[in-house]
Amino acid sequence: MSRPDVEKSKKAAAEKAVEYVVDGMIVGLGSGSTAEYFISKLAEKKLNIVGIPTSKRTEGLARRLGIRLASVEEARELDVDVDGADEVDPEFNLLKGGGGAHTMEKRVAEKAKKFIVVVDYRKMVERLGFFPVAVEVEESRKEAVIKKLAYLGGIPQIRDGFITDGGNIIIDVRFNIVDPRGLEDKLNSIQGVIENGIFSKRKADVVIVGEGDKVKVIKRENGRK
Ligand code: 5RP
């Protein structure tokens with residue numbers, strides 16, 4: 001049997017997420033293709049909202065679509081943040097950073113009352129780690145960081161020709177992830193690491209999974225309502 005169309009699945013999830021936004025909200029605008037479907041659909045609704053972009057690319061798109069914007073520093077709290085992910089496990093832990101924007105994405109998610117993740121069905125996994133962990137690193141510290149990452153059991157690879165919005169490099173690291181929370185902390189304790197793509201402290205509150213034109217909404221018990 002053929003698998004559902006991936007773009008259709010992303011769009012279905014993104015469109016469902018728009019239902020969570022109403023006039024007057026401060027809304028985190030994620031990065032990546034699924035988040036961009038959300039932003040486009042949101043703009044069509046012409047709501048009176050303020051968007052907080054998570055990357056320069058998202059900022060450009062939202063601006064072109066006429067969404068009013070503010071920076072994460074300006075917002076004390078966000079009503080909702082809608083973002084994509086590379087992997088989601090059954091505990092609502094996430095792997096992000098495929099687009100290299102996870103540092104700002106995490107800062108925005110941490111300030112959100114509700115963090116909604118929109119994904120296509122391929123992103124739902126039993127355990128994180130098929131996808132590499134994106135680690136944003138100061139260029140000048142890369143040799144030392146690579147050694148530490150290997151010491152922690154990772155297989156690091158510099159993302160070729162990629163510079164983040166913050167002017168740093170990304171090292172993608174393959175890990176056998178047994179303790180996402182522990183690994184998130186360990187990676188961030190390495191000198192020269194800015195942020196990594198494991199979202200285990202700030203998990204998703206709601207995951208919207210698209211599969212063809214169907215969507216499944218999964219809410220985390222104890223997640224922020
Ligand atoms: C960017 C991200 C993206 O949200 C993630 O890579 C998913 O992207 P897409 O929706 O294009 O599959 O974390 O840093």
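Modeller: The expected span is 1.5 Å times one less than the number of residues, and helices (H or I, at least four residues) and strands (E, at least two) are DSSP runs numbered from the N terminus. This is a predicted model, where local features need pLDDT of at least 70 and side-chain atom pairs count only at pLDDT 80 or more, while totals for chains, interfaces and linings use all residues. Residues are numbered from 1 along each chain as its sequence is written, and side-chain values use heavy atoms, with hydrogens and water left out.

Colleague: Which residues of α2 are buried?

Modeller: T34, A35, E36, F38, I39, L42 and A43. Buried means under 20% relative accessible area, exposed over 50%, and partly exposed in between, with a 1.4 Å probe and protein chains only.

Colleague: And what covers the buried residues of α2?

Modeller: The cover includes helices α1 (6-18) and α3 (56-64), plus strands β1 (26-29), β3 (78-83) and β6 (112-120).

Colleague: What follows α2?

Modeller: K46, with a positive phi near 50 degrees.

Colleague: OK, ligand. Which of the 18 residues around the ligand come nearest?

Modeller: S31, S33, T34, D86 and K123. To be counted as near, a residue needs a heavy atom within 4 Å of the molecule.

Colleague: What about the shell by class?

Modeller: Two nonpolar, 10 polar and six charged residues. Asp, Glu, Lys and Arg count as charged, Ala, Val, Leu, Ile, Met, Phe, Trp, Tyr, Cys and Pro as nonpolar, and the others, Gly among them, as polar.

Colleague: How far is D86 from a ligand oxygen?

Modeller: A polar side-chain atom of D86 sits 2.6 Å from one. For K96, a polar side-chain atom is 2.9 Å from a ligand oxygen, and a polar backbone atom of G98 is 3.5 Å from one.

Colleague: How much of the ligand does the protein bury?

Modeller: The protein buries 90% of the 380 Å² that the ligand exposes when taken alone. Those areas come from the Shrake-Rupley method with a 1.4 Å probe; for residues, only the protein chains shown count as cover.

Colleague: Which elements give two or more residues to that shell?

Modeller: α2 (33-45) and α4 (102-110).

Notes. Polar contact = N/O pair within 3.5 Å; in protein donor to acceptor, adjacent residues only side chain to side chain. Contact = heavy atoms within 4.5 Å.
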